[in-house]
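Here is a short tour of one chain, written for someone who likes cut-offs spelled out. Have the viewer open and follow along.

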Amino acid sequence: MTPVAATAKRRKFDPHAFLATIDGGRTIATVPKKRTIFAQGDSSDAVFYIQRGRVKLTVVAKNGKEATIGILSDGDFFGEGCLTGQALRMYTVTTMTDCSVMRIDKKSMMEVIHRERAFSDMFVAYLLTRNIRYEEDLVDQIFNSSEKRLARILLLLAHFGKDGMPEVAIPKISQETLAEMVGTTRSRVNFFMNRFRKLGFIRYNGGLEVHSSLLNVVLHD
C-alpha cells in the first residue's frame, strides 16, 4: 500500500463502526438522563465510548466541595485511566441526556490497541488532543478573567469551528454547572450570561445558541 493510500485509509477509519465489531468484552447500554455511570472511588476496569448523548465529569474534594471538570459527547471516550494502571476512578460520570454508551473491558481494549494500528493511531491522537485541552484549561484558569473563561467554555461546548456555524451547546445546562467549570460563583455567571445575551453573543432558543462573535470576548485584551 502506498503512503498516500495508507493515509486515506486512516482518514476514513470509523471508530464507532470498528468498536461495534469487537467480539466479546464489550456491552452497549442505554442510560437515562441524570444517572451515574461510575462514581469516584469505584474500581477502574473498563473504558467507555459515547455513541450518543452527553455526560458530565465531576470530582469531590475531601472537604465535600464538588467541581465539574468536563463535559463529553458523541465520539468521546472516558475511563481510559484503567489502561495505565489506575486502580480506582478519579471522577464521577453522570449522564446529562439519555445516552447510548459502550463499555469495553480493559483486557479487550488493550488487545485492540495492540492489534489494530488504525484504531491505535486514532486513540493516541484523541488522548493527546484531550491532554492539550487540559493544559489549555489550566492556563485559562490561572491567567484569564472569569468572563473570558466562561466565553471559552461556551465556545468549546458548542464545538465552535465546525463550518463556522452557530451550534446548540447544551440544552438546559445549569448556571451552577457553568460556575463549577469556570471556577466562579453562579451570580457572576448569571451576570456575564445576561451581558453576552444583550450583546448578541448568545441566544436562548430551546437550547443555548453560541455565535462566533463571542470570540471577541476571548481575544480582547
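## Helix α5 and its two partners

Helices here are DSSP runs of H or I with at least four residues, strands are runs of E with at least two, and both are numbered from the N terminus. Before going further, note that this is a predicted model, in which local features need pLDDT of at least 70 and side-chain atom pairs count only at pLDDT 80 or more, while totals for chains, interfaces and linings use all residues. Residues are numbered from 1 along each chain as its sequence is written, and side-chain values use heavy atoms, with hydrogens and water left out.

Two packed helices are described by the angle between their axes and the distance between the axes. For α5 and α6 (residues 175–182), the angle is about 115° and the axes are 9 Å apart, which makes α5 roughly perpendicular to α6. The axes are lines fitted to C-alpha atoms, for helices over the stretch in contact, and angles run from 0 to 180 degrees between N-to-C directions. On that scale, under 35 degrees is roughly parallel, over 145 roughly antiparallel, 65 to 115 roughly perpendicular, and the rest oblique. On the α5 side, Ser 146, Arg 149, Leu 150, Ile 153, Leu 154 and Leu 157 meet Leu 178, Met 181 and Val 182 of α6, contact being heavy atoms within 4.5 Å. Sorted by class, that contact has seven nonpolar residues, one polar and one charged. Nonpolar covers Ala, Val, Leu, Ile, Met, Phe, Trp, Tyr, Cys and Pro, charged covers Asp, Glu, Lys and Arg, and the others, Gly among them, are polar.

How do α5 and α7 cross? The axes of α5 (residues 146–157) and α7 (residues 186–198) come within 10 Å and cross at roughly 65°, so α5 and α7 are roughly perpendicular to each other. This crossing of α5 and α7 is right-handed. Contact residues in α5 are Ser 146, Glu 147, Leu 150, Ala 151 and Leu 154, and α7 brings Arg 188, Val 189, Phe 192, Met 193, Arg 195 and Phe 196. The α5–α7 contact splits into seven nonpolar, one polar and three charged residues.

## What α6 sits against

Six of the eight residues of α6 are buried, making the helix mostly covered. Buried means under 20% relative accessible area, exposed means over 50%, and partly exposed is in between, with a 1.4 Å probe and protein chains only. The buried residues are Gln 175, Thr 177, Leu 178, Ala 179, Met 181 and Val 182. They pack against β4 (55–60), β5, α4 (117–143), α5 and α7. After α6 comes Gly 183, with a positive phi near 85°.

## Strands and sheets

Four strands make an open sheet in the order β2-β7-β4-β5, with antiparallel pairing. At its edges are β2 (36–38) and β5 (66–72), each pairing on one side only. Neighbouring strands of this sheet are turned by 30° against each other on average, direction ignored. Strands count as paired if DSSP finds at least two bridges between them. Two bridges link β2 to the antiparallel β7 (residues 92–95), and Phe 38 has Val 93 in β7 as its bridge partner.

Now look at β8 (residues 99–105), which is mostly covered, with five of its seven residues buried. Six bridges tie it to the antiparallel β1 (residues 26–31), where Thr 27 is partnered with Arg 103 of β8. Another antiparallel pairing, with β3 (residues 46–52), also has six bridges to β8, and there Ile 50 stands opposite Val 101.

Most residues other than glycine have a negative phi, and most peptide bonds are trans. Lys 34, not a glycine, has a positive phi of about 65°. Lys 34 lies in the loop between β1 and β2 and counts as exposed at 67% relative accessibility.

Leu 215 is in helix α8 (residues 215–219) and is partly exposed, with a relative accessible area of 28%. Its C-alpha atom is 8.7 Å from that of Phe 201, 14 residues apart along the chain.

Overall, the chain has eight helices and 11 strands, and buried residues make up 40% of its 221 residues. Of the contacts between residues at least 6 apart in sequence, 71% join residues at least 24 apart.

Note on methods: Left-handed = near helix turned anticlockwise from the far one by under 90°.
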